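Trainee: I have this one open now. Can you walk me through the fold and then the charged pairs?

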Amino acid sequence: MALGSMLLQMKPEAEKNLRSRLAELPGVSVEERTPGGELVLVAETEDLAALHRLSREIEQLPGVLGLYPSYVTTEDEGE
């Protein structure tokens with residue numbers, strides 16, 4: 001299992017649509033909105049490769065300006 005926390009920078013007018021789109025993605029949750037207007041996301045996937053694919057998918061959503069990982073762990077990968 002891979003777990004990642006990411007900071008999503010977005011166009012302010014895109015927040016409502018992005019929250020809806022993110023809610024449709026399995027394993028993704030919006031945890032918080034920062035005072036600067038970014039969304040803090042947590043994503044859980046089966047492995048690191050899937051987390052990478054999911055991150056690329058999120059980056060392509062309309063209104064996303066950038067997606068920045070802040071924490072990644074693969075606790076049980078390789079066991």
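Mentor: Two strands pair if DSSP finds at least two bridges between them. The model is predicted: local features need pLDDT of at least 70 and side-chain atom pairs 80 or more, while totals for chains, interfaces and linings use all residues. Residues are numbered from 1 along each chain as its sequence is written, and side-chain values use heavy atoms, without hydrogens and water.

Trainee: How many bridges join strand 1 to strand 4?

Mentor: Eight, with strand 1 covering residues 2-10. In strand 4, G66 stands opposite Q9.

Trainee: Now salt bridges. How many does the structure hold?

Mentor: Four, counting a side-chain nitrogen of Lys or Arg within 4 Å of a carboxyl oxygen of Asp or Glu. E15, R19 and R33 form a linked network. The closest N and O atoms are 2.9 Å apart for R19 and E15, and 2.8 Å apart for E15 and R33. Helices are DSSP H or I runs of at least four residues.

Trainee: Is E15 buried or exposed?

Mentor: E15 is buried at 16% relative accessibility. Buried means under 20% relative accessible area, exposed over 50%, partly exposed in between (1.4 Å probe, protein chains only). R33 is partly exposed at 41%.

Conventions. Helix = DSSP H or I, 4+ residues; strand = E, 2+ residues; numbered from the N terminus.
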